[in-house]
Protein chains: 2
Amino acid sequence: MTISNNYQNLVKKLEEISHLNGVMCTLGWDQEVVMPTGAAEARAQQIAALAGVIHGRMTDAQLGECLSALQEEDGVFNAAQHCNIREAQRDFDLETKLPKQLVMEMAALGSRAHISWVKAREENKFSDFAPALKQFLELKKEWAQCAFPHLNPYDANIDNFERGTTVAEITPIFDRMKTELIPFIQSIRESELQPDVSFLQGSFPVAKQESLARKISQDIGFDFNRGRMDVSVHPFCGGSHPTDVRITTRYKEDNFVESLYAVIHETGHGLYEQGRMLEGRDLPVSQSLTMGIHESQSLFWERMIAQSKFFCAHYFETISASFPDNLRAQNHESLYQAINVCQPGYIRVEADELTYPLHVILRYEIEKGLFDGSMAVNDLPEIWNELMMKYLGIKPPTDALGVLQDSHWSGGAFGYFPSYTLGAIYACQFYRTLVSEMPDAESNIGAGNFAPIRSWLNERIHSQGRLYTPQQLVQSVTGETLNPNYFIEYLKKKYSEVYQLN
Amino acid sequence: MTISNNYQNLVKKLEEISHLNGVMCTLGWDQEVVMPTGAAEARAQQIAALAGVIHGRMTDAQLGECLSALQEEDGVFNAAQHCNIREAQRDFDLETKLPKQLVMEMAALGSRAHISWVKAREENKFSDFAPALKQFLELKKEWAQCAFPHLNPYDANIDNFERGTTVAEITPIFDRMKTELIPFIQSIRESELQPDVSFLQGSFPVAKQESLARKISQDIGFDFNRGRMDVSVHPFCGGSHPTDVRITTRYKEDNFVESLYAVIHETGHGLYEQGRMLEGRDLPVSQSLTMGIHESQSLFWERMIAQSKFFCAHYFETISASFPDNLRAQNHESLYQAINVCQPGYIRVEADELTYPLHVILRYEIEKGLFDGSMAVNDLPEIWNELMMKYLGIKPPTDALGVLQDSHWSGGAFGYFPSYTLGAIYACQFYRTLVSEMPDAESNIGAGNFAPIRSWLNERIHSQGRLYTPQQLVQSVTGETLNPNYFIEYLKKKYSEVYQLN
């Protein structure tokens, strides 16, 4: 089969864009991890210049002509080629359909809104952030109208992060989770038994934390010849290419669990990136699918694997050898209990796996309300606190610990939050399939033999790139559509045991 | 005074090019310091894509039109504006005058020649590298003809690194240095007194070396809020902007002098970059002038300052506190003697300040001979060894330790070597002026008070950017043209004392 000139031409253009995006990712990593503080202004200008170049390439008329020619062509393309054409067309449309004026307004507001959010959070004054939030809401409605005119505005914003997923799909899932989890969390709060977490307090030398985290990341399968691990203010997974994947964490002298589980989480993201299909690595077909699927991979390792009894059993000795003074009187059972404590708190990023979905649902409901007009920006602090009380039984003492805690809205990232919980549901559903197809999966975890599990994920998910929609992928991996029941069952079973309910 | 639209337009274009060049510099630093080994191929593609973008911007027809319009304009420009126009025109001509075919041939050969040089050096087989070297010589003659048709080919290649400097200027300087230095080095070799360097051998913990080097770099004036210090295979000074200057060094457990003086050397480069004029930092006028002037700044701090008695007197206690076991029986005098040992060796980059010029002169004479046809590539190993014997009294046992040691020719960088010694001469001449204008300069060094010296360099050199040619700059700073006598006098006086000659 000969490949058409148009297609070859498209590939060349897409590869160039991918190379330049890789450069942008290196700038981003550099800024978070190593850039001197004094370089911020110069870096912003460098990033703007490169962004301008990339935008120029993505909206190049020749790219549009090439895509048009391909649409009219009677070419025979395989699935990967079809995918590249489809994705390129989608990106081209997204970049070119937006009025330049709108793009510039969003960019300018992004910068201003972030500054106003930082200040408002510092000074605990929501009213200072409210005007920027209102403006962003309007711009994002306008954006939705241009980018996805066939969708309602909030669906369009969700689609931006979780392709093909809508309010109609999410709302019943989240409603069911509320019905099941709110009373369950309440019964945990009332439980007389509470796991002993006292031994997780103490002093844990950072060098020991670092080498422990590095060892476990490597055991799980992170390839340090094609990646790095560093320190940043917020843990993330970045890098410029599947051969250059960079995870970060942060260390606190008095808490080793946080850094270790952040590393495992980011390792999950990193394995997805390192595991992309070998062909077409600079083409859309090999790219990660959606935020939710990416999150399913990080949560798979962080929660399904590393918060399990099997994992604790395998690593207890290694961990207690790192911190002998602290863990002397413990065993793998008490470690398991301690890292699976459930404790409603104000802050989403510090939440355990049981309360986390309610943090997300709260935000989802607020975003939905803002987009459909049933909620007003000025009322958000009150709405937030009411919902926190209703869902988790606690009320934030300040807006900084409430409605002002996340940066997402200051960047206009409405529709992002659901991906976190969709990722958790995907992860659980994938895990259930894994265990049913690989009966020795859990004994493998207990033996520290992660290679078969990694291969399974790689074959089923990582290497599938963007060939399918998330809905098709879940169907193909698990044999059914997204099903929150498994996640709810998993949570109730696990935490009933930890807290000895019933 | 209103600034013409054409000029404003030019500034905008030059700033964009500068931002993109800054991005390229970040990629270069990343590659040398932190990039995972497995990412090499992807990085090469990313760099090529960005290089293509930058080349496109530099040869953009609109930039050419803008420059033409400025040439015809009757505008009133100040010195900085004149400089920006002049430099932009020069760069534009250099980028556009070259036939595309030649640019591509040079790029392709650069990659092939480097590989063949690495292999030839490993296998100590000059004949494997000779064909690539011959080709590069021909291409660089052709390049000279296109780029600087009014210059003879070797002068054109020198001009590429040391603007306005020619064989006619360099040869008498180098001849005079040979006449003076060759017999002087010979008498040092025959001297009965040889400084005790035994205490520089031993074990020097890397963490101690690192904190010592960082302290001294900071004392000298390197601003770590606008820069970093890291580790790489070869020390260098990189970074993307005057607010983002990155120096590197390498540590050997058994040698602290090498890492420390590499840091001081790179700090000198770094101060030049951090000290660029505050206006127009993304325009040519603020950029460093030439390789030789840059080297004058690194050598100024490494040699004129840090190899002086005053510096040793000030830092002896700090250094011996870092390595108490090794320096217990020493004092600042013996430290001074030991770091100023003169020892003819095969390798240029390991040479002391007295023998270094002869390494450079040897290479200069060979390059001159290759360009004027009086030497043939095939004869280079023999010529090299003969000259080494004549100049330094030693004969390399292998070509890897001789003609194959430097990477420069494998990249076609003919005409680069003279800059090292021109830099040393500039440094000495600048130092002489400093001391005459600032009588307490040396007592300031002895007191660790480097701020006045740094300010002097900043005012006279760093902040002058490209306003002047190197010749004009030397004249303006020192009141006379480049004069090698001061350097020769300095070397003979200093080393006569160290070796107690006469």
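Modeller: The contact is made by 34 residues from chain B and 34 residues from chain A, and what follows describes a predicted model, with every value computed from it. Between chain B and chain A an area of about 2600 Å² is buried, and carbon and sulfur atoms give 60% of that area. Of the area that chain B buries against chain A, 20% is supplied by His19(B), Pro36(B) and Gln46(B), which is more than any other three residues supply.

On the side of chain B that touches chain A, at least two residues each come from α1 (5-33), α2 (40-58), β1 (227-231), β2 (237-241) and β3 (244-249) of chain B. Among these elements α1(B) gives the largest share, 9 residues. Sorted by kind, the residues on that side of chain B divide into 13 nonpolar, 12 polar and 9 charged.

Over all chains the structure holds 60 salt bridges. In chain B, the side chains of Glu87(B) and Arg466(B) meet in such a bridge, at 3.1 Å from N to O. Glu87(B) lies in helix α4 (residues 79-97) of chain B, while Arg466(B) lies in the loop between α19 (451-460) and α20 (470-478) of chain B, so the pair ties together parts that are 379 residues apart in sequence. Both Glu87(B) and Arg466(B) are buried. Salt bridges that share partners also join Asp30(A), Arg43(A), Asp244(B) and Arg246(B) into one network.

Two pairs in chain A can be set beside these. The side chains of Glu437(A) and Arg460(A) meet in a salt bridge with an N to O distance of 2.6 Å, and this pair links distant parts of the chain, with Glu437(A) in helix α17 (residues 418-437) of chain A and Arg460(A) in helix α19 (residues 451-460) of chain A, 23 residues apart. Glu437(A) is partly exposed, because its relative accessible area is 38%, and Arg460(A) is likewise partly exposed, with a value of 24%. The other pair is Asp325(A) with Arg328(A), whose side chains meet in a salt bridge at 3.1 Å, N to O. Here Asp325(A) is exposed, with a relative accessible area of 61%, and Arg328(A) also counts as exposed, at 62% relative accessibility.

Not counting residues up to four places away in sequence, Gln464(A) touches Met277(A), Val285(A), Glu459(A) and Leu473(A). In chain B, Phe204(B) lies in the loop between α8 (167-190) and α9 (206-220), and Phe204(B) is buried, with a relative accessible area of 0%. Leaving aside neighbours within four places in sequence, the residues in contact with Phe204(B) include Phe199(B), Glu253(B), Phe256(B) and Phe323(B). Phe204(B) and Gln186(B) are 18 residues apart in sequence, yet their C-alpha atoms are 33 Å apart in space.

Finally, helix α5 of chain A (residues 100-123) has 24 residues, which at 1.5 Å a residue should span 34 Å, and its end C-alpha atoms are 35 Å apart, which agrees. The buried residues of α5(A) are Leu102(A), Met106(A), Leu109(A), Ala113(A), Ser116(A), Trp117(A) and Ala120(A), and what covers them includes α6 (126-147) of chain A. Just after α5(A), Asn124(A) takes a positive phi of about 55°.

Note on methods:
Residues are numbered from 1 along each chain as its sequence is written. Chains are lettered from A and ligands numbered from 1 in the order in which they are written. This is a predicted model: local features need pLDDT of at least 70, side-chain atom pairs count only at pLDDT 80 or more; totals for chains, interfaces and linings use all residues. Side-chain values use heavy atoms; hydrogens and water are left out. Helices (H or I, at least four residues) and strands (E, at least two) are DSSP runs, numbered from the N terminus. The expected span of a helix is 1.5 Å times one less than its number of residues. Buried means under 20% relative accessible area, exposed over 50%, partly exposed in between (1.4 Å probe, protein chains only). Contact means heavy atoms within 4.5 Å. Buried area is the accessible area (1.4 Å probe) that two parts lose on being put together, summed over both. Ala, Val, Leu, Ile, Met, Phe, Trp, Tyr, Cys and Pro count as nonpolar, Asp, Glu, Lys and Arg as charged, and the others, Gly among them, as polar. A salt bridge is a side-chain nitrogen of Lys or Arg within 4 Å of a carboxyl oxygen of Asp or Glu.
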